[in-house]
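Biologist: Hi! Please walk me through this one, and let's begin with a loop.

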Amino acid sequence: MTTTDAPGSTTMLALHQTALGTPDVLRLTEVPRPVPGPGQLLVAVRAAGLNPTDFKHRSQRLFLPPPPFTLGWDVSGTVVATGYGVTLFRPGDDVFGMLPYPHGAGSHAEYVTGPARAFAAKPAGIDHVQAAALPLAALTAWQALVDTAALRAGQRVLVHAAAGGVGHLAVQLAKERGAHVTGTASAPKHDLLRALGADACVDYRTEDFTAAEEPYDVVLDPIGGETATRSVGVLRPGGVLVSLVPGAPDTPAAAEKAGVRAVTLLVEHDHAGMRALAGLAADGRLRAHVSGTFPLAEGARAHAQGETGRTTGKLVLTVG
């Protein structure tokens with residue numbers, strides 16, 4: 001292991017929980033500082049994004065074993081040490097990435113370890129807060145639109161919850177692919193969507209997205225349930241519905257009858273995807289909308305704000 005400027009302490013502070021529950025289960029706690037294993041980096045966290053999956057895992061059993069644990073998959077920071085066999089990065093490098101989902105959580109802390117290939121070099125032109133807001137949400141959008149749907153120029157895309165974490169990045173990525181993009185969001189958020197490149201906006205509170213004049217080639221659905229089933233009806237035959245949470249029980253049958261592909265995506269850590277996103281961010285073609293930042297010690301307040309469901313873009317925790 002190679003280290004540089006590594007603090008001598010074997011402990012660190014983390015936003016830790018020993019029980020499931022409301023945001024008040026989160027405590028800033030002194031815990032052992034991790035040590036990088038083969039193929040891993042030890043990263044001094046400068047900022048860490050929050051995502052809806054953090055709120056869900058904090059409050060209920062999903063993919064992780066029971067607490068105690070520290071949440072967080074988004075991270076931007078500085079490499080402090082490298083484990084055996086790492087060739088991509090050296091101590092002192094600024095990196096950002098998504099820890100392996102779901103079992104690699106732990107970025108809501110002063111230090112975190114993760115596979116070297118879960119990271120990419122942080123673009124010099126963006127700060128750690130901006131970088132930390134990108135990985136999980138942007139990778140989700142990339143894997144949905146590019147890897148799964150194979151989105152092409154000229155196709156029509158509908159993005160539900162388009163002002164949310166995944167949605168507002170999906171709008172930008174779809175425009176980068178040359179698609180025509182419609183986004184659903186409440187009316188006050190339409191100006192943001194248009195600034196991000198959306199060609200059309202639907203106010204889900206007062207308008208019916210199924211009343212589209214032309215069918216879509218791709219629908220990205222972070223909502224699931226009946227929204228997924230209804231989305232099948234706006235796709236052309238051969239179109240693709242990518243949901244981020246399960247649809248209603250009748251969604252598969254509706255998709256089969258309509259001749260469309262309906263899939264549920266679980267995001268994966270992805271070095272190639274992170275490098276592609278880093279390139280777009282470096283060129284100013286992809287930018288996260290950060291609606292709020294919170295010190296690590298105020299993580300509970302950040303969770304409380306985030307799970308109201310009214311956040312535009314992303315919330316980020318800052319460290320140090």
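Biologist: What kind of peptide bond joins proline 67 and proline 68?

Modeller: A cis one, with omega about 15°. Before we go on, this is a predicted model: local features need pLDDT of at least 70, side-chain atom pairs count only at pLDDT 80 or more, and totals for chains, interfaces and linings use all residues. Residues are numbered from 1 along each chain as its sequence is written, and side-chain values use heavy atoms, with hydrogens and water left out.

Biologist: Good to know. Where does proline 102 lie?

Modeller: In the loop between strand 7 (94-98) and strand 8 (111-115).

Biologist: Let's switch to sheets. In what order do the 6 strands of the open sheet come?

Modeller: They go 12-11-10-13-14-15, and the pairing is parallel. Two strands pair if DSSP finds at least two bridges between them.

Biologist: Which strands stand at the edges of that sheet?

Modeller: Strand 12 (200-203) and strand 15 (261-264) do; each has a single partner strand, so one side of each has no neighbour in the sheet. From one strand to the next, the twist averages 15°.

Biologist: How many bridges link strand 13 and strand 14?

Modeller: Strand 13 (residues 216-221) and strand 14 (residues 235-243) pair over 5 bridges, in the parallel sense. Look for valine 219, which stands opposite leucine 241 in strand 14.

Biologist: Now the sheet of 3 strands: parallel or antiparallel?

Modeller: Antiparallel; this open sheet has the order 3-2-5. Strand 3 (27-32) and strand 5 are its edge strands, each pairing on one side only. Strand 2 (residues 11-17) and strand 5 share 2 bridges, and the bridge partner of glutamine 17 in strand 5 is phenylalanine 69.

Biologist: Okay, helices. At what angle do helix 1 and helix 9 cross?

Modeller: Helix 1 (residues 52-59) and helix 9 (residues 299-306) cross at roughly 110°, and their axes come within 10 Å. Axes are lines fitted to C-alpha atoms, for helices over the stretch in contact, and angles run from 0 to 180 degrees between N-to-C directions. The two helices are therefore roughly perpendicular to each other. In these terms, angles under 35 degrees count as roughly parallel, over 145 as roughly antiparallel, 65 to 115 as roughly perpendicular and the rest as oblique.

Biologist: Which residues make the contact between helix 1 and helix 9?

Modeller: Asp54, Phe55 and Arg58 of helix 1, with Ala302, His303 and Gly306 of helix 9. Contact means heavy atoms within 4.5 Å.

Biologist: What about helix 3 and helix 8, what's their crossing angle?

Modeller: Roughly 105°, with the axes of helix 3 and helix 8 (residues 271-282) coming within 10 Å. That makes helix 3 roughly perpendicular to helix 8. Pro135, Ala138, Leu139 and Trp142 in helix 3 meet Gly273, Met274, Ala276, Leu277 and Leu280 in helix 8.

Biologist: How do the residues of that contact of helix 3 with helix 8 divide by class?

Modeller: Into 8 nonpolar, 1 polar and no charged. Ala, Val, Leu, Ile, Met, Phe, Trp, Tyr, Cys and Pro count as nonpolar, Asp, Glu, Lys and Arg as charged, and the others, Gly among them, as polar.

How values were computed:
Helix = DSSP H or I, 4+ residues; strand = E, 2+ residues; numbered from the N terminus.
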